[in-house]
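Let's go through a few "how do you know" questions, one at a time. Take a look first.

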Amino acid sequence: MDALTSQKVTFKVFRFNEETDYLPYYNTYTLDVTHEEVVLDILNRIKWDHDGSLSYRRSCRHGICGVCSIKVNGKAILACKSRLFDLVNVFGTELVIEPLSTKRAIKDLIIDKKDFWDKHAEVKPFLTGEIEETPQSEHLVSPHDAEKLLEADYCIQCGACHYSCPALAINEQFIGPAAFAAAYRFSADVRDESALERLHIVNEEASGVWDCVKCMECAEACPKDVNPIEKITKLHNMIFEANIAKNNVATRHAVGFAHSIAKHGLLDEGELVRYSEGNFGVLKHVPVALKMFTKGKIILPWNMPKSDKLDEIQKLIKSSSTVKF
Amino acid sequence: MKELKYALFTGCTAKESTPEQMMSTLAVAKKLGIELIELTEASCCGASHLQDYDDFLSLVLNARNIAYAEMHGLTMVTICNTCQLNTAMTKHRLDQNAALKAKVNEKLAEVGLEYKGTSLITHFLYAIIDDFGLDKIKEMVVKPLSQFNIAPFYGCHNIRPSELQNETHKGHENPYTPTSLDDLIIACGGKNVDYVEKNKCCGFHAELQAPHTAAVLTGNAVAGAMDANADWMVTPCPLCHLKLDTQTHHASVAIGRDVSLPVLHMQQMIGLALGCTPAELGLNHHVTKVNFI
């Protein structure tokens, strides 16, 4: 038999009109879906054949404008790029179609993206530099220098990573993966002159890169393989390289690993907490530490295990370290 | 079957805050007839933080760890999701980039080592599924966990980014619908429960820097499992374990609801089903009491 060319799929579609509804609800449609169809085709069919009031954003249909991003069974996708059969393979034949953020829904799949654009604007997402008013030649960027952007310029501001980031969902101050990727994109550009200013912005506690929980959701969500967490790591590195890392719990936590590995090879967990929090700050961890101690989960300093061939590790730390704090 | 043999990268917590994880790993390996050669020379992987400070140093140290597995000619097995991610990411980056590999090897040469790229790196969970086989586990179960609703908690660094993670797995794990841990629960005779947070973040890596964010994430995870009627949770990651087992007080305050469930390491769950004793599995080392033993 030929490969399956059409199948029945049930769509549970999020509906909400902030002007008339207190609560959202879901409409269910069961459609025959062909193997060529993408999610946007289905939204169009529902709107054109079943319910003209269904609202969603669409424009380019070529995965470049970024407006049609929604969530299917919790996974952020571009409606114009995601084939139904691929989604059915992952989630089965019942698909839940929702806006990127249900709490920011205005009408059905359309959300208020103000928070996204505000965060974006915070990081000065543009090149700044002294340029002649009547330049005699183009300001060329070599392929080698262009590679430094690590394809961060592929971002289409669709919001898939932003609305998949759990840190942002809890802490509204957090700048978030999309804007961090933009901060990196312009700071890594050889023509730009505002990198230091941007690094100060992303270096703040609560809003800056230090609050990233490292869940890798942004890397997974991005439909353009921008890999925002890689750029977040780069921003961390640039903060240390620019020598503007503040002496706080977050920076000491990163640096503490190097100290600990130099001393033991392994991480001294207790010492890392003390070093990161400081002698006073560490006190708030005492209640949990006591409970852990009674369960044999805390190693006392004089019993701290060490890696074999620690001298090798120490030698490598001496010769391979690239930054100082 | 050919006897399975791996180079074991224990990571730091197995030697410190989760001794029960080390105990249960060894107990289960013995039961399954898997030989584990411990890489006693290995250093900390940097736990996804050292690379924020000094990315190159982190690469060199991880490459050194892998080099020791290569010297044994064995696949490296990790028992911590974050060790897995950092080590596999290092391998991926060095294997893709000859210049970077040469730069790292220049440093390793100073201590007489070389990163070649010849060893695979896989988490013990996937070694068991891919190489040992869940069917065989099922046959070996002597005390099926059939009385329990068990909530799998996957841990981010075993499932994302999927492109990297699936470089080594035989079966494809989708980070939005992961199945490995569910399958393991079923093989052990338990009932796997489904809940939204099973593939979400526990907050561990931001515990000191962003305590509120971290506590809410922990709270949501345990609450999700409780609402799905779980008797206990199980995880392949000792860092998730630490967060879910020891931090429920902060989590409860953060989400305004008392949450707490026993949390078992994946190895402890297998061990119970295979008839290991609670003492062999270190079940007395938990902060949240394992109340069903």
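Two strands pair if DSSP finds at least two bridges between them, and strands (E, at least two residues) and helices (H or I, at least four) are DSSP runs, numbered from the N terminus. This is a predicted model, where local features need pLDDT of at least 70 and side-chain atom pairs count only at pLDDT 80 or more, while totals for chains, interfaces and linings use all residues. Residues are numbered from 1 along each chain as its sequence is written, chains are lettered from A in the order in which they are written, and side-chain values use heavy atoms, without hydrogens and water.

Q: What makes strand 1 and strand 2 of chain B a pair?
A: The rule asks for at least two bridges. Strand 1 (residues 5-9) and strand 2 of chain B have four, in the parallel sense, so they count as paired. As one example, B:Leu8 has B:Glu38 as its bridge partner.

Q: Why are strand 2 and strand 4 of chain B called edge strands?
A: The open sheet of chain B runs in the order 2-1-3-4. Strand 2 (35-38) and strand 4 (121-123) each pair on one side only.

Q: How do you know that B:Asp52 and A:Lys214 form a salt bridge?
A: A salt bridge needs a side-chain nitrogen of Lys or Arg within 4 Å of a carboxyl oxygen of Asp or Glu. Here the closest N and O atoms are 2.7 Å apart, so the pair qualifies. The count between chain B and chain A is four salt bridges.

Q: What makes residues of chain B and chain A count as in contact?
A: Contact means heavy atoms within 4.5 Å. By that rule, 67 residues of chain B are in contact with 64 of chain A.
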